[in-house]
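Hello,

Here is the structure we talked about handing over. Please look through it first; my notes follow below.

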Amino acid sequence: MGTEGIDIFTAEAREAREAATREGRELAETERVVAGAEAATPQEALARTREGEDIAARALPGSRDPMIINLGPQHPSTHGVLRLITELDGEIVRDVHPVIGYLHTGIEKQCENKTFWQAITLVTRMDYLSPFFNIHAYTASVEKLLGLEVPERAKWLRVMISELNRITSHLVWLGTSGLELGAITVFFYTYRERDRALDLFEMISGERMNNRYFQVGGCADDVPPGFLGLLKRFVDEMPSRVDEYEGMLSANPIWIERTRGVGVLPADELIDLGITGPALRAAGVDLDLRKARPYSGYEHFDFTVPVGGNGDAYDRYLIRLREIRESTRIIQQCLDGLPEGPHIADDRKVVLPPRPELATSMEALIHHFKLVTEGFRVPEGEAYTAVESPRGEIGCYVVADGGPKPVRVHMRDASFVNLQALRPMAKDAYLADLIAMIGSLDNVMGGVDR
Amino acid sequence: MSIQDQLKGFGITFRTMLSKPLTLGYPERKTPVFPRFRGRHRLWTYDNGLEKCVGCSLCVAACPADCIRVVAEENTPQLRVSAGERFARIYEINMARCIFCGYCEVACPFDAITLEHSYELSERDRRELVYTKDMLLAPAPKQAPLRAEGQRV
């Protein structure tokens with residue numbers, strides 16, 4: 001950064017300060033971060049933070065000045081590119097300012113330039129560890145606007161693949177969290193199973209990640225031959241694999257020492273912050289959208305929602321492992337009762353006609369041309385649908401104006417909201433525990449920045 | 001930590017040494033892919049040598065990444081390239097932009113373009129990632145093996 005850039009930020013910080021003095025108020029939190037966050041060096045950040053607020057008024061006799069340490073964005077244990085500006089008193093974190101936006105992709109904005117059909121390929125790429133949940137929320141919103149009924153088999157396929165996705169996401173979380181806290185072995189074990197699950201994704205959707213398997217009206221394709229057998233073998237083996245992970249970690253003194261009692265927030269505070277998913281359930285709040293507001297036929301499945309009690313990182317770990325077990329149970333039920341029928345709705349105004357018909361039916365060909373070039377039109381209105389992702393509530397808010405392109409696609413991403421819990425959690429904790437907290441919240445930066 | 005714990009730990013190490021590795025020596029042995037895997041694109045011709053692509057640009061319309069460029073031209077009795085009225089004089093895919101969603105394949109009403117199984121696509125110069133029609137009509141230089149029924153890596 002040249003001196004020019006610094007000047008701009010200094011000017012910005014000065015403006016914020018002057019405005020605050022003029023209005024006779026203290027500098028707001030965000031303004032203070034602006035002043036500190038864009039600094040080129042930690043020393044400079046400290047200087048600006050000091051300028052920005054009246055430290056003398058806050059300082060107690062005998063207290064020390066905090067040291068400002070920049071953590072990230074290129075840091076192996078911040079789950080992607082999260083920048084944390086930490087105010088340290090020795091090893092104790094006095095305050096932490098997360099700075100996001102380093103992985104901003106502009107996907108939400110891009111969706112406005114694509115047809116509803118094309119936007120499916122973009123929304124998968126937001127939270128790259130749970131692609132199926134992103135599209136599920138998006139397609140469900142579009143289906144709601146269209147008033148389109150999804151066939152029963154497609155619903156069950158969606159549940160089946162979503163739960164498999166939940167397993168892979170939790171496996172990545174477990175492996176990387178272990179890695180961050182020094183337990184390297186578990187990483188290799190979880191990635192061994194994850195790779196097999198990705199093989200299954202590849203088999204059914206053609207891609208190992210960023211799958212565009214769910215389409216508006218159902219699923220892109222039916223299951224390929226041999227898929228259900230391989231999936232059955234996978235879920236049959238999975239519980240014993242989870243035993244293996246538990247054997248490595250659950251009673252491991254180092255793991256317990258690093259996670260138990262770390263990152264505790266009371267349940268009501270978590271609710272106030274809007275935290276969802278395992279991080280909330282670990283604190284004893286029984287909120288799971290699959291149970292609370294069943295979608296896509298979840299009411300037909302017999303499963304329990306694991307709920308913890310202490311709300312620390314160890315509880316979150318236990319809950320995620322139990323969720324893997326519950327997911328295997330749901331997949332087993334899917335395999336046992338997968339209904340026959342079409343895998344996608346038969347609405348020629350929305351869904352592409354079946355491939356063989358293109359050669360025989362002129363009408364199908366016309367529909368095909370129209371759908372591909374122009375896209376289907378969605379009636380004016382707005383819809384919000386939420387699904388329970390591995391990280392919590394992923395909701396998609398779609399606004400349509402009657403045209404073939406969405407006016408707005410907004411994702412309520414669980415990672416983004418859950419990241420808010422980091423600051424209250426990290427206050428007055430050890431710096432090393434901060435890493436455990438980031439890990440236990442399981443934020444995916446692709447979902448945070450979108 | 002007692003001596004039993006240590007023995008138990010070494011026991012696991014020893015057992016693991018005897019088990020078959022799950023990894024693959026990659027450049028020599030390539031990961032097989034499933035039939036639906038979407039990799040490098042390929043343009044197809046009929047048995048009589050005429051191209052299946054008629055330059056209708058449906059793939060261009062479908063592509064969410066805007067990575068395909070088609071310039072169509074009329075077939076003439078002197079120069080007959082495709083089976084339809086028109087043919088693609090220019091057919092380019094910018095592989096640096098492609099997201100392998102396969103919508104071009106879905107959109108094509110003549111099965112002229114498909115996504116094949118080849119996945120080794122890196123180049124030293126990004127200009128080489130713009131694939132021309134000749135490159136797309138030829139088989140992929142690096143083929144990937146197809147996974148046999150029930151085969152595990």
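How many disulfides are there over all chains? The count comes to 0, where a disulfide is a pair of cysteine sulfur atoms within 2.5 Å. C59(B) is in no disulfide, and the nearest cysteine sulfur, that of C56(B), is 6.3 Å away. C108(B) is in no disulfide either, with the sulfur of C56(B) as the nearest one at 6.2 Å. C59(B) is buried at 9% relative accessible area, and C108(B) is buried at 9% (buried means under 20% relative accessible area, exposed over 50%, partly exposed in between, with a 1.4 Å probe and protein chains only).

This is a predicted model, in which local features need pLDDT of at least 70, side-chain atom pairs count only at pLDDT 80 or more, and totals for chains, interfaces and linings use all residues. Residues are numbered from 1 along each chain as its sequence is written, chains are lettered from A and ligands numbered from 1 in the order in which they are written, and side-chain values use heavy atoms, with hydrogens and water left out.

Now the two chains together. In chain B, 28 residues are in contact with 33 residues of chain A (contact means heavy atoms within 4.5 Å). Between chain B and chain A there are 4 salt bridges, each a side-chain nitrogen of Lys or Arg within 4 Å of a carboxyl oxygen of Asp or Glu. R38(B) forms a salt bridge with E207(A), with the closest N and O atoms 2.5 Å apart.

Regards
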